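Reader: Before I use a model, I want each label set against its cut-off. Please take me through the labels here.

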Amino acid sequence: RKRIAVSFIRRVGSHGKVSKGAIEAEAGDQRSRAKMCDVTLAKSRLPGAGQGLFATRELSAGTQLPQHYKGNLLTEKEFLRKGKDCQYMMGLSHPKYHAIDAKPITKDNPLRYINAAKTASQRRLINCQFYQRGLKVFYATTRRVGAGAELVTDYGTNYWEAIRNNTRALSLQRRRAELLKRLRTTTKREEKVWLKETLDDLKEKWDELT
């Protein structure tokens with residue numbers, strides 16, 4: 001919910017490499033698959049999370065949530081080209097494709113809206129996990145989920161570190177654009193020198209993030 005380092009994008013099982021295991025085995029049973037009508041979008045109860053995905057009925061442990069994590073398949077080169085715009089990336093274990101980018105796919109893509117626990121208190125709300133089957137990523141409940149409960153997963157600490165880096169990166173980009181605009185218009189020699197030095201400092205900070 002998304003340049004984020006490769007160590008982040010490979011986050012599951014150990015939002016990274018997606019693991020397979022008991023959840024996949026349970027979710028493979030068609031008797032435990034939820035339908036689209038079993039979930040709904042609403043304002044998340046997690047502060048600052050935007051929309052979230054909620055259960056409309058009770059879901060038993062091991063229930064596969066509807067649909068798969070839809071998005072554009074990216075090779076590692078394409079993933080790195082995205083830079084820091086990785087909020088909706090899901091890492092893959094695959095020889096050719098490195099990640100799924102769900103950012104542009106907003107319709108009929110409920111798993112895109114599952115939010116992740118950030119704090120210790122939020123981690124107690126975790127009730128689903130994601131896993132990979134082929135080139136698709138699915139979610140399944142890890143315990144009973146009551147009707148009206150929000151579906152919450154775990155992206156790991158690297159995810160939140162990456163989000164903080166993204167915020168810093170956007171701030172640096174805005175600042176750089178402002179300084180470049182001033183550099184193009186100023187006629188004062190001393191100001192030009194200061195602007196160039198400041199831009200060099202910003203470049204060093206940018207390189208530290210990437």
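Author: What follows covers confidence, aromatic rings, charges over rings and a sheet.

Author: This is a predicted model, in which local features need pLDDT of at least 70 and side-chain atom pairs count only at pLDDT 80 or more, while totals for chains, interfaces and linings use all residues. Residues are numbered from 1 along each chain as its sequence is written, and side-chain values use heavy atoms, with hydrogens and water left out.

Reader: What pLDDT does the chain average?

Author: The average is 82, and 80% of the residues score at least 70; pLDDT is the predictor's confidence in each residue, from 0 to 100. Over residues 1-28 it stays under 50. Where pLDDT is low, the predicted coordinates should not be read in detail.

Reader: What makes Phe-130 and Tyr-155 an edge-to-face pair?

Author: Rings of Phe, Tyr and Trp (its six-membered ring) pair if their centres lie within 6.5 Å; planes under 30 degrees apart count as stacked, over 60 as edge-to-face and the rest as tilted. Phe-130 and Tyr-155 have 5.8 Å centre to centre and 80° between the planes, so the pair is edge-to-face. Phe-130 lies in strand 7 and Tyr-155 in the loop between strand 9 and helix 5, so the pair ties together parts 25 residues apart in sequence. Helices (H or I, at least four residues) and strands (E, at least two) are DSSP runs, numbered from the N terminus.

Reader: Why is the pair of Tyr-131 and Phe-138 called stacked?

Author: The ring centres of Tyr-131 and Phe-138 are 5.9 Å apart and the planes stand at 25°, so the pair is stacked.

Reader: How do you know whether Tyr-131 is buried or exposed?

Author: Buried means under 20% relative accessible area, exposed over 50%, partly exposed in between (1.4 Å probe, protein chains only). Tyr-131 has 2% relative accessibility, so it counts as buried. Phe-138, with a relative accessible area of 11%, is buried.

Reader: Which ring does the charged end of Arg-133 sit over?

Author: That of Phe-138, 5.4 Å from its centre. The label requires NZ of Lys or CZ of Arg within 6 Å of the ring centre and within 35 degrees of the ring normal. Arg-112 lies over the face of Tyr-88, at 4.1 Å from the ring centre.

Reader: What makes strand 3 and strand 4 edge strands?

Author: The open sheet has three strands in the order 3-5-4, with antiparallel pairing. Strand 3 and strand 4 each have a single partner strand, so one side of each is left without a neighbour in the sheet. Two strands pair if DSSP finds at least two bridges between them; four bridges join strand 3 to strand 5.

Conventions: Contact = heavy atoms within 4.5 Å.
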